[in-house]
Amino acid sequence: ADRIVAAPFAMVGSIGVLAGVPNFSKVLARNDVEFLQVTGGKYKRTVNVLTPNTDEGVAKFRQDVDDIHAAFKDHVAACRPGLDIDQV
């Protein structure tokens, strides 16, 4: 590319995917606040800011991030055939 177009607040760098979720479940427990959530589907909500994280939920969250990263790299490689995707 000859130029990069991005918003002034954008973080521009190597290809990657970032996801983060704070967790307040311990704060709620200390203050005797109960949170109820009803979902449809096993993976509708893998991690939640208001409930304790589970190993299974975190693993699914990590897998989702890895899948998005792979799809993004595939898209960039398809759109820029001369680019060595492993060097980005």
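Ser-25 is buried, its relative accessible area being 12%. Here buried stands for a relative accessible area under 20%, exposed for over 50% and partly exposed for what falls in between, with a 1.4 Å probe and protein chains only. The place of this residue, Ser-25, is in helix H1. Not counting residues up to four places away in sequence, Ser-25 touches Val-49, Leu-50, Thr-51 and Pro-52, where a contact means heavy atoms within 4.5 Å.

A word on the basis of these values is in order. The model is predicted, and local features need pLDDT of at least 70, side-chain atom pairs count only at pLDDT 80 or more, and totals for chains, interfaces and linings use all residues. Residues are numbered from 1 along each chain as its sequence is written, and side-chain values use heavy atoms, with hydrogens and water left out.

Turning to the overall fold, the protein has two helices and zero strands; both kinds of element are DSSP runs numbered from the N terminus, helices being H or I with at least four residues and strands E with at least two. The protein is more spread out than a compact globule, because its radius of gyration is 19 Å, well over the 12 Å that the globule rule gives for 88 residues. That radius is taken over C-alpha atoms, and the rule is 2.2 Å times the number of residues to the power 0.38. Along the principal axes, the C-alpha trace spans about 55 × 30 × 20 Å. Of the 88 residues, 11% count as buried. Among contacts with a separation of 6 or more, 54% are accounted for by residues 24 or more positions apart.

In the segment before H1 lies Pro-22, which is partly exposed with a relative accessible area of 48%. Pro-22 and Val-49 are 27 residues apart in sequence, yet their C-alpha atoms are 5.7 Å apart in space. Val-49 is also one of the residues that Ser-25 touches.

The loop between helix H1 (25-30) and helix H2 (55-79) holds Thr-46, a buried residue at 16% relative accessible area. Its contacts, not counting residues up to four places away in sequence, are with Gly-57, Lys-60 and Phe-61. Asp-64, in helix H2, is partly exposed at 27%; Asp-64 and Thr-46 are 18 residues apart in sequence and 9.9 Å apart from C-alpha to C-alpha.

Thr-54 belongs to the loop between H1 and H2 and is partly exposed at 43% relative accessibility. A polar atom of the Thr-54 side chain lies 2.9 Å from the backbone nitrogen of Gly-57. Asp-32 also has its place in the loop between H1 and H2, but Asp-32 is exposed, with a relative accessible area of 72%. The phi angle of Asp-32 is near 55°, a positive value in a residue other than glycine.

Key: A polar contact is a pair of N or O atoms within 3.5 Å; within protein, one must be able to donate a hydrogen and the other to accept it, and residues adjacent in sequence count only if both atoms are side-chain atoms.
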